[in-house]
Amino acid sequence: GVSANSIKNVTIWGNHSETQYPDALSGGYCVVKDGTKVPLSEMLANDIDWATTDFIYAVQNRGKAVIEARGLSSAMSAAQATADCLRTWLVTGTKTGETVSMAVYNDQGYYGVKEGIVFSFPCECRNGEWFVKEGLQLSDFSRNKLNITEAELVEEMAAAHELIGTSPAPVKIRTVSMSTCSSGLSLATTATESDMSSVCLTSRM
């Protein structure tokens with residue numbers, strides 16, 4: 001086995017629900033003793049079934065497992081994740097080459113996900129700004145998982161609008177400045193009111 005601290009860039013995609021997609025294979029890697037970064041897709045080559053079944057189920061149902069084990073709410077875990085996220089986003093930033101999973105306002109249609117919803121993506125943070133890391137190659141399996149959690153979020157948004165009797169507002173493009181990141185020239189944002197109102201959760205992986 002390896003230390004959890006040596007595992008990097010495992011992504012939580014989508015909703016904060018049982019449809020979330022914990023993805024160890026699209027960009028995840030392990031830092032071994034000599035500092036070499038070994039892709040998790042390579043390390044788990046003989047355990048792909050586990051990575052795409054049991055692992056996903058365990059993470060998706062982690063909240064339920066915490067409640068069953070402790071007999072108490074898992075709310076403190078979510079609160080700690082939120083605090084960790086805000087610290088990474090606004091204070092420390094991410095280390096070079098590393099990402100953190102954050103639920104952010106999708107104003108650009110990243111990875112083909114519907115614009116105008118809050119969706120968890122792999123992000124890099126620098127100078128109080130966040131950037132969705134683009135360019136990850138997603139398998140058909142991963143794409144299907146993103147479609148499932150996206151559909152749930154779109155359904156939830158529609159239900160909320162129906163409840164309060166409103167229509168979805170036009171997608172608002174964030175106030176941006178240009179900044180160079182590892183994926184090329186990308187759009188960066190300052191912390192706006194819409195950003196702060198989104199629920200940001202980090203992967204504790």
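1. Helices (H or I, at least four residues) and strands (E, at least two) are taken here as DSSP runs, numbered from the N terminus. By that assignment H161 belongs to helix 6, which covers residues 140–164.

2. The model is a predicted one, in which local features need pLDDT of at least 70 and side-chain atom pairs count only at pLDDT 80 or more, while totals for chains, interfaces and linings use all residues. Residues are numbered from 1 along each chain as its sequence is written, and side-chain values use heavy atoms, with hydrogens and water left out.

3. H161 has a relative accessible area of 18% and is therefore buried, a term that means under 20% relative accessible area, with exposed meaning over 50% and partly exposed in between (1.4 Å probe, protein chains only). Leaving aside residues up to four places away in sequence, H161 touches T166, S167 and P168, where contact means heavy atoms within 4.5 Å.

4. Helix 5 (residues 75–92) has 18 residues and reaches 24 Å from its first C-alpha to its last, close to the 26 Å expected at 1.5 Å a residue, the expected span being 1.5 Å times one less than the number of residues. Its buried residues are S77, A81, D84, C85, T88 and W89. These cover an arc of only 120 degrees around the axis and therefore lie on the same side of helix 5, the arc being that of the directions from the helix axis to the C-beta atoms. The face turned away from the buried side of helix 5 carries the exposed residues M76 and V91. After helix 5 comes G93, with a positive phi near 75 degrees.

5. The whole structure contains 4 salt bridges, each a side-chain nitrogen of Lys or Arg within 4 Å of a carboxyl oxygen of Asp or Glu. One of them pairs E98 with K8, the closest N and O atoms being 3.8 Å apart. This pair links distant parts of the chain, 90 residues apart, with E98 in the loop between helix 5 and strand 6 (100–105) and K8 in strand 1 (residues 7–8).

6. In another salt bridge, E124 and R126 meet through their side chains at 3.7 Å, N to O. E124 is buried, at 4% relative accessible area, whereas R126 counts as partly exposed at 25% relative accessibility.
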